[in-house]
Amino acid sequence: MGHQPVCSCAVRRETLTTLLEATVVHIMLAYSGLAIAVAIGIPLAVLSLRSRTAGVIISTITGIGQAIPILALVAFMVPLAGIGFMPSVLVIVVSTLMPIVRNTYAGISSVDPELADAAAGIGLTWTETVTKVRVPLSLHAIFSGIKFSSIIANGVAIVTVLIGSGGLGVIVLRGLARFYVPEILIGILPAIAITLIADYCLSRLETWLTPPPLREKNPLIPHPAGTGTLAHR
Amino acid sequence: MDTLALIAETWQTYHLTLRTVQHLEMFALSFLITVVAGIALGILFFSSINIRVVGLSTLTVIEMIPDIALLILLIPLVGIGFPPTISAAVLYSLLPVARNTTAGLRGVSPDLIETATAVGLNKRDTLYHIRIPLALPLITAGVRIAVIFCMGIVTLGGIIGAGGLGAPLQTGITTGNDLLILVTGCWVTFLAVGMDGIAWGISRFVAVRFGGRP
Amino acid sequence: MDRQGPANIRFESVSKRYGTITAVDHLDLEINRGELFVLMGPSGSGKTTMLRMVNRLVEPDEGRILINGEDITLLDPVDLRRNIGYVIQHIGLFPHLTVSGNIGLVPTLAGMPGGLLQERIRNLLSLVKLSPELFMDRYPRELSGGQQQRVGLARSLAMDPPLLLMDEPFGALDPVLRHQLQQEFLGIRKQLNKTILFVTHDVEEAFRLGDRVGVVAEGKLIRVGTPEDLIMNPGSSAVASLIGVEQKMRYLDHLSVKSMMIPIDPSRILDGNLFIDDAREALIASRADYIIVGREGVVEGIFYPHDLLTAGGTDIRLGGQAHKLPVFASSTMASEALSAMKRQGVSIAVISEPDGTGGLLVMDEIMRRLL
């Protein structure tokens, strides 16, 4: 099989520091990318609401973008943006943007038109109706998109090891190269754990941000990928 | 002229035709299994609430991890290359199809179902002639998602030795071969977006034919 | 299920409760073969529930329902429903099937051969006045409400059932269209040769279409009869108030004078050949307000006491002096007779029956009875 370490304790310590380091890099990679995607995506969704043409363009581009396999996106960075941490963050931004835009748009556009009317009627500007009425009422849809994108981000963060991002992918790749299963697992299980923890944190964040009267009981079956249907309207 | 020659050369050198065939074979196989199993599960979930709760929860759990993670997790179980790629693609894509099938079947207007009963259709006929046709718009929407998932995972399979177009992509990255990356990347993008486009077209057709949207 | 000719339905003490609410309260009713029976009543009176028990969409809590003498709970429900036509207000055409697909769905499932079915579909579409060439391949969403309802009717006839259940089928249409479809339906009804149980809250519709009408209120069948019966003898203030004055006025169009005539008391008839002097004695003796003058069984006119006193000499016969009354056959429509009377300025007319008997039509009396 692969080559076994000579001294187990030393290697274990080394592996542990590497693991810790890799995990930190992974989290930074995935979530800075996600944060940027949220910061860009929500305004893009609002823009789609404002202008029909912008909406169509954004919708088509996100539609096509979502169909492109992740590996292809990662590969494209090499000639276009180089390798390393930043290009990897870029890939994560691009691949997590689509679900956020789509789900946010689905949420803000399906707010009861009478409410929007009422808001305009009491003197809110269009932007204010969005920020103070539409977005707060669409929190669930928006978070659906963010949660779905969080899963994608974690996945992409593994694949970006190929373009030198560092992170848990390094460990996975090493395990694959040596075909040493424990190492593969040491790389991938933390990534899965991070995904699940992040999903939980995002749910709590959503509940915290939602005003009490609007809080729904947790559905029996959570639907992080349910956003797939929304995202493909 | 020059560029075309270069592209052709790259194509030859890295056996892109073979890779394309492998890629499409894997896609076709996983996609077909997904659609058949997904719809069958959807119908099963529809018929029994207990099976539905258990089944959908299980599938949802699978969906909560990144697809690459699922792919890699399957390696200790089924080896590398072809088996985990197909299994991961199927497992991951089952949820959208099954869930949408169940939702579509349950979402048919109860009035229509009552009319069907009143007119003399038994349960089986109502399922096949009324519920399933009217559920097709949602089912095809789920199938469209499955297309994207399958394409993505099949591409990733190249990293773990399954062949397909993911392999030359990885080669291009590790060898810094920009041309290879661009040729393979654009080609696989074209295939993926093309498949999605076909799926979109079919779902629009179905939405009009069975959903009544003009 | 017996499919020889139209079906006969019998409800025996049928009840249905939903929690504390009694939707149907001990219904006893027999519907005859070939008749168009209308269950009429306000919303929530239970009439729809009664209808839906016939094709077992609802099962009674008590009592039983028999079709052609067979208890329907002993029959296979699917088979039963294939032999009963069902037409509802919201039409319920399957949106994903064409018109011919909708009509042909059940026959196909029941194994009818394709060629025969196509012909049957064409015939049915013609029957409901939709051109087969134009409509066979259309989808329900391409049709107007009235067209959809016609297709709904055609669909219900696809298996040539002996029984038709219709639940406010014209209710979702605008009044003009509703009237038109009712007329057309009446037109084809004889051809259909089926028993029809029809539910409506529209009194006018009930009277226009029904051979017999059953008035339903709060789950109970409070009155059954022909439309004429119900108008002339409501039987209770509840029924009378349901029917309302306007309906009666409008129903005059459909009433014949026969139901409104007052039979002639034979003691009031004097032979027209009598001389006036003799008649005078008879008249004073009887203290009548009037006498009817007749000759050889035919009513000729009416005679009032003061006429007698002013009448001429002893040679004059009664017949010659009587005021002529207009005579109408008993099948004349009431509205026609009343208009004619008004035109001639008389308030009494004679109604003659084919067998020689007859009665009087007294305008004041009519008004009194109707109102």
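Biologist: What is the strand order of the open sheet in chain C?
Modeller: In this predicted model, the open sheet of chain C has six strands in the order β6-β7-β8-β3-β9-β10, and the pairing is mixed.

Biologist: Which strands stand at the edges?
Modeller: The edge positions belong to β6 (84-88) and β10 (220-225) of chain C. Each has a single partner strand, so one side of each is left without a neighbour in the sheet.

Biologist: And how are neighbouring strands turned against each other?
Modeller: On average, neighbouring strands of this sheet are turned by 15° against each other, with direction ignored.

Biologist: Back to β10(C): how many bridges join β9 to it?
Modeller: Strand β9 (residues 212-217) of chain C is joined to β10(C) by five bridges, and the two run antiparallel. Within β10(C), the residue opposite C:Gly214 is C:Val224.

Biologist: How far apart are C:Glu133 and C:Pro77?
Modeller: They are 56 residues apart in sequence, and their C-alpha atoms are 35 Å apart in space.

Biologist: Changing topic: how many residues of chain B are in contact with chain A?
Modeller: There are 42 residues of chain B in contact with 38 residues of chain A.

Biologist: Which helix of chain B supplies the largest share of that side?
Modeller: The largest share, nine residues, comes from α9(B). Helices that each supply at least two residues include α3 (49-63), α5 (82-106) and α7 (123-156) of chain B. By class, the side of chain B that touches chain A has 26 nonpolar, eleven polar and five charged residues.

Biologist: How do α7 of chain A and α4 of chain B cross?
Modeller: The axes of α7 (residues 139-159) of chain A and α4 (residues 67-78) of chain B come within 7 Å and cross at roughly 60°. That angle makes α7(A) oblique to α4(B).

Biologist: Which residues make the contact?
Modeller: From α7(A) they are A:Gly155, A:Ile158 and A:Val159, and from α4(B) they are B:Asp67, B:Ile68 and B:Ala69. Four residues of this contact are nonpolar, one is polar and one is charged.

Technical notes: Residues numbered from 1 in each chain as written. Chains lettered and ligands numbered in written order. Predicted model: local features only at pLDDT ≥ 70, side-chain atom pairs only at ≥ 80, totals over all residues. Axes fitted to C-alpha atoms, helices over the stretch in contact; angles between N-to-C directions. Helix = DSSP H or I, 4+ residues; strand = E, 2+ residues; numbered from the N terminus. Parallel < 35°, antiparallel > 145°, perpendicular 65-115°, else oblique. Contact = placed C-beta atoms within 7 Å. Nonpolar A, V, L, I, M, F, W, Y, C, P; charged D, E, K, R; others polar. Pairing = 2+ DSSP bridges.
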